[in-house]
Structures are given as C-alpha cells and as structure tokens.
Amino acid sequence: MPSPRSRTLFEKVWDSHLVEPEGDDRPGVLYVDLHLIHEVTSPQAFTALAERGLKVRRPDLTFGTLDHSTPTLPTRADGKRPYVTAEAESQVHKLEENCLAQGIDLEGWDSPNRGIVHVMAPELGLTQPGMVVVCGDSHTATHGAFGALAFGIGTSEVSHVLATQCLLQRKAKTLRVTVDGTLAPGVGGKDLALAIIAALGIGGGTGSVIEYAGEAIRALDMDGRMTVCNMSIELGARAGMIAPDETTIAWLRGRPRAPQGAAFEQAAQRWRELASDPGAVFDREVRLDASTIKPMATWGTTPDTGIAIDTNVPEGQSRARDYMKLKAGQPIAGAHVDVVFIGSCTNGRISDLRAAADVMRGRKVSGGVRALIVPGSEAVRREAEAEGLDKVFLAAGAEWRLPGCSMCIAMNGDLVAPGQLAVSTSNRNFEGRQGPGARTVLASPATAAASAIAGHIADPRPYLEARHG
Amino acid sequence: MAEPFKILNSRTVVLTDENIDTDQIIPARFLTTTEREGLGRLAFHDWRYDSEGRANGTCVLNRIAPCAHRILVAGRNFGCGSSREHAPWALTDFGFRAVVSTEIADIFTSNALKNGLLPVVVDQATWDELASKPGGTAAIDLESCELRFGNHVAKFKVEAFARRCLLDGVDTLGWLLGRLPQIETYEGLRAP
C-alpha cells in the first residue's frame, strides 16, 4: 500500500514524474510530458543535438510556435513579412527548419493556432492537469493554472529535454499563498497578481513552487488563473500552481488536444484527485485578503513595486524612482502616459481584451497616446473579431495587431521610445524592458485602457461605473 | 563543455545594485541570434553604451581589463527575470567565471552552472566586506567551497552534482543520456 502521508499538489505531480529519485550526490531525473519551444531559446539547443548526432527523442511530446521575434504587422505588398532585422527572420526560419527536420509540430505562420506559447498551448488542450510542462521561457508557470507543474528552463536544459525527455532537478520548497475573500468590481487577476508580488517581494518565492489557493483564487476564471500563475517568476518562484477543479475541467472539455469522450471523463476524475490533501504541510504559508485589493499600478523598475491606484509613490529606492521620473509622494494616478500596450502571455487572452474593450467602447484614446492592442493568439484574434472588439479598439484610435509577444519583450520592433512612459499589461517593468530608456508601468487591461483614454495613469472603476451604474 | 573549474584567483568587479535582471545583463533585442558565442560585447550593453553606441566612461565595466577581473560581485537577487541562457553566455564571454551575491535567482543559477560560471551565495557581512574593496583580489576554491580574500574565509554551497560536473568537467547531457534505460523503463510503466 502506498503511504497515506498527506501530499501537496506539487508533491503529487513531482512524485509521479520521477524516473529516478534524487540523492545527496545527484538530482532527480524528472520526466517531461510537454515540451514547448519557440524561436529564441531553441536554436542553440538543436545545434547541441546536431553536434552529437542526436535526434529529438520524443517529437510527439514537443510543440513549437513562433511568437517572440515575429512582426505583429501584416505581410507587406511585396509579400514579405516586416521582420525587424534579417537576423530575426533567420531565427524564425531556423525553428521552421529544425521542426521540419525533427518531425515536430510547429504552429507556424500558416497555422490558425499560432500564438504566444503560453496562450496557444492551453487553448489547444495541450496543457493538462498533473503534467510536467517545460519551455525555454520563464513565464511557463502560466500552465500551472491547470494544476500542471510548469517551469522555465535554459537552453542547455532545452537540449536535455529534446535529447532525453527528462531534466535533472532538485525538489523545490513549497509555499502556499491563500487569498481569502472576494475581489471588488473592477479588480481582476492582474491586480491580484501585482498585490501578491508586492506583498512577498521580488525574491519572495526563490527556491519555491507556489500553490495559489483560497476563495478568491477559486473564483477566478481560467484566464485570471493563468495571469496569476504567469507572474510567479516575478517572485523568483520556480513555478505557480492552482489545483484543478470544475472550472478547469469545464474549460478543457472539447479542446482538440485534450482527451475526448469517455477518456476525458476518466482523466477528469484523476485530475480532481490532484488537489493538495487536507493536512498537507507547506514549507511556508502566506495569507492575503482579496477584499482590500484595489486596481494596481507599479511605480518602480521591479514588478514588486505595485501600489493601489489611488495612493502615492512611496519614499525609498531613489534609483528606480528617478529612472521612472516620478517623485515620492505624488499620486501614481495622473502621471502622463505616452504608450499603452495591451497583450502578452500575462494579459493577451479574450477576457483581457473584453475588459479593455469595456472601458474603450465609445470613447477615444487621448491625443498623443499610442495604444497598441495585440491578441495573444490567432484563436484570441478570431474570437475578438467575431465579437467586434477589434472595431471597438480601432474606433477608439488604437492599433489592432497580429498575435505575438510584441511590446512585452520588444524584440520584434514593437517598442517604446526612450524616455516614454508605457502603461503595459505585460509582466516586467525592468529598465529598458520595452526598449532602451522605456519607462514601464504594469497594470491590468482595464487600467491600461482607462489610462489610454485619460492620457494619464487612471483608475478604471469610474469608466466601468459610468457604463454599468 | 566548459573546462574544469577548481580554483579561481582574480580581481573583483562590484555592481552594488540589487535585482540586476537578465534584461540588464543582455537586453532582449539582442536575443535574435542563433549562436551562443561572442555575446560578451553585449553584456550589460545598455549600462556600457548610450543610445548612440558611445561607451559610458562612468560604467566600471568599461574601465577594467575583463580577463583580469573574473569575479563579479553583485547585489541581492542577481539574475532575476527571464530564463535566457544568453545571460551566462554573455557574462562568460565578457570574462567572468564567478558571480558573488547574497541571493541569486534560480534559473540563472541553473544556467550559470552549465556554462562554467560559478554562482556563489554568501552572507551579508561577507558580501559587504568583499564589495567594500572593488578591484581587490579573491580566491574561489570549488574543491573546499571557500571564498577567500584578505583575512576572510567564507564557506559557500554548490549543488553536489553541479559541483562534481564543474570540478571534473563532466558533460551533463552525456550523463543524462546514460540514464536512457531507466527513462525507457519509466515510459513503459506509464504507457496507457
């Protein structure tokens, strides 16, 4: 009989994927169910395999997409895609060649499924509860929203997974973040994520896998859960997870790569058993109250500098404040905005675009503000266009682009000019993240949309109340 | 595979900032490369050069001979942010063989260890002492796991397998390929 010891969600997934347990002198050998690859962090890994004459061991468990270096503007009149550089284009071609040579499914330019890796894989049902999911991308924790153990790896590790389907790993510590209560109207998953990061600090999760739990987490839809898990890396955490429940199961039912029919119901039964056992012990526990959280905006150059939108920029950290050209004591709302970016693996899903459209509908982007709206995937783009959201954005004076990482990482030519301030729904506000000298304020889609309309950092709630009140 | 790492004797470079993220170490716009060599010229690019490409004379990294300063002493939570292995590729190509901080991000640590760049986490007092003498010499002994400078000796920890790989120049992927029989057995057991 197996031990009746109470286990956490993380421990259940970890234990079931150990090919070999760790010892004092060696890490565990951990099996990977789903390996996602993109153009930026994979080419050197394929080269490493080629140098040894190795083939990809499980191309059937490996999936590629194009997202980071890809232009978000359509094909030009000459039929060419407007890549930012020839090197970016050649990087994309390299992934196309590698996938073709190794028999890996690639959601390329001609695929209706192409999108940001952390948007498209869940949409297809590739990501499933209880899996180990890895990708050469730190925001892989997004997939933890489904109760998968999902984490980012470096390119050497990408080569390890390509060659063996396994990774050498030490077991992480466990941290449970319980969020009690209910989020107020106009406050969403992004505000919750920023509040958690502000509470724990940028290194607050280092060495740990986080499980998000509690009433406010349960109440989130899958898009909101993905937003929260996505930003686990901004705490330094290895991964973030949420136990699968009926919300998860309903979302996955019918997805093309999920089990179908009776097999789905059997799988769903197994998924329900993944939740942490009553009495499971975590290395550390943190509790937050959702009802006190307001729309959040960051003032500094690390993601843990989120404050409520109706409060003032704090003292301290003068380097970050100087870079942001903000003064201690000034209200964060009201700061002049040059650019608004709505998209990314954090907030490029359909509910994010709906939230932004709710604010923008029938209104105009403030003169001088550039608003860029980039769906997270082709599927999100289709759904948004079917609902007419693109028309709402275009009528407001915003740009509506093709899917990709775009201005979140600013590799593809979509960037913020030096010194400009961007309100961005992405995940990082590091110096220069959105372009050299760019100043980034992280916020929710609703707050970003309200800021675009106002021309300065703005609380979205009055805009929503005017609509619904 | 990097050459074995036993003892590193070198001068230090000190960057006191906390939370130096991978976008500082190598900005994302340089990640369109499909190579891993030659990235040292891009290390800390936007700290070292202005928007016109002119070298910033106040940046300490522009005022040293990299080959003589192989130990980077950096503030807490070094290497936070993305999983880009380009960060340790850039740092090692620039000339660094070790990073000393009071906290180093997980993915960066994992990537660094695979590239012959030793992450060394020390207590605050040791770090304060080391950081107070930029350009000073220090010895990092991986055999004894000791950082020595002046009269100071500090112990540090390195994950046992990664340490063995660095000391002996073990090829990690080669080792993992040696586990293929166990991997096949595991796959056989869980096949539907």
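Predicted model: local features only at pLDDT ≥ 70, side-chain atom pairs only at ≥ 80, totals over all residues.
Figure 1. The contact, in which two residues count as touching if their C-beta atoms, placed from the backbone, lie within 7 Å, takes 53 residues from chain A and 40 residues from chain B. Several elements of chain A each supply at least two residues to the side that touches chain B, among them strand 1 (18-20), helix 3 (86-102) and strand 8 (166-169), and helix 5 gives the most, with six residues; helices (H or I, at least four residues) and strands (E, at least two) are DSSP runs numbered from the N terminus. Residues are numbered from 1 along each chain as its sequence is written, and chains are lettered from A in the order in which they are written. Local features need pLDDT of at least 70 and side-chain atom pairs count only at pLDDT 80 or more, whereas totals for chains, interfaces and linings use all residues.

**Figure 2. The largest nonpolar core**. This core, a set of buried Ala, Val, Leu, Ile, Met, Phe, Trp, Tyr and Cys residues joined through C-beta atoms within 7 Å, has 204 residues, and those with the most contacts inside it are Val340(A), Ala356(A) and Val99(B). A residue is buried if 20 or more other C-beta atoms lie within 10 Å of its own.

**Figure 3. The surroundings of Val99(B)**. Leaving aside neighbours within four places in sequence, Val99(B) is in contact with residues including Leu72(B), Phe78(B), Ile104(B) and Leu117(B).

**Figure 4. Chain B**. Chain B has eight helices and seven strands, and 45% of its 192 residues count as buried.

Notes:
Buried ≥ 20, exposed ≤ 12 C-beta atoms within 10 Å, placed from the backbone.
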